[in-house]
Amino acid sequence: MEVSVLQSDMPSDMQKIISGFVVQGFKKKVEYEDISKCIKDECDKKFGDEFLCIVVDKNTGFGSCLKCAPGSLYMGEYKNNRVILFKI
């Protein structure tokens, strides 16, 4: 299953790389905290910045109000999960 990018202000090549990290995180880990850390760590290594990552089940609902650094927002969906990645 592919990752659906729901919203992003990142360049498309960066979105594709991060989508790969999302799939990798879900294949390697089980707990949301571990999946989130895996995605964050890969992004930090690849892009050299401090990212924040939130992973939630899309059926449980989640609200947020974030002001993200320009060019850093990534929101994707994988299976029944949502991934929000950003820098502040």
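This is a short walk through the model, one selection at a time.

Before you click anything: the model is predicted, so local features here need pLDDT of at least 70 and side-chain atom pairs count only at pLDDT 80 or more, while totals for chains, interfaces and linings use all residues. Residues are numbered from 1 along each chain as its sequence is written, and side-chain values use heavy atoms, with hydrogens and water left out.

**Colour by confidence.** pLDDT is the predictor's confidence in each residue, from 0 to 100. The chain averages 91, and 99% of the residues score at least 70.

**Select the strands.** Helices (H or I, at least four residues) and strands (E, at least two) are DSSP runs, numbered from the N terminus. Four strands make an open, antiparallel sheet in the order β1-β3-β4-β2; two strands count as paired if DSSP finds at least two bridges between them. Look at the edges: β1 (4-8) and β2 (52-57) each have a single partner strand, so one side of each has no neighbour in the sheet. From one strand to the next, the twist averages 15 degrees.

Now zoom in on β3 (residues 74-78) and β4 (residues 81-86), which pair antiparallel over five bridges. Pick tyrosine 74 and you'll find its bridge partner in β4, leucine 85.

**Bring in the helices.** Axes are lines fitted to C-alpha atoms (for helices, over the stretch in contact), and angles run from 0 to 180 degrees between N-to-C directions. Contact means heavy atoms within 4.5 Å. Helix α1 (residues 12-28) lies across β1, β2, β3 and β4, at about 45 degrees to β3. Helix α2 (residues 32-47) lies across β2 and β4, at about 145 degrees to β2.

**Stay on α2.** Buried means under 20% relative accessible area, exposed over 50%, partly exposed in between (1.4 Å probe, protein chains only). Buried residues in α2 include Ile35, Cys38, Ile39 and Cys43, and their cover includes α1, β2 and β4. Just past the helix, glycine 48 has a positive phi of about 70 degrees.

**Finish at aspartate 44.** Aspartate 44 is buried, with a relative accessible area of 16%.
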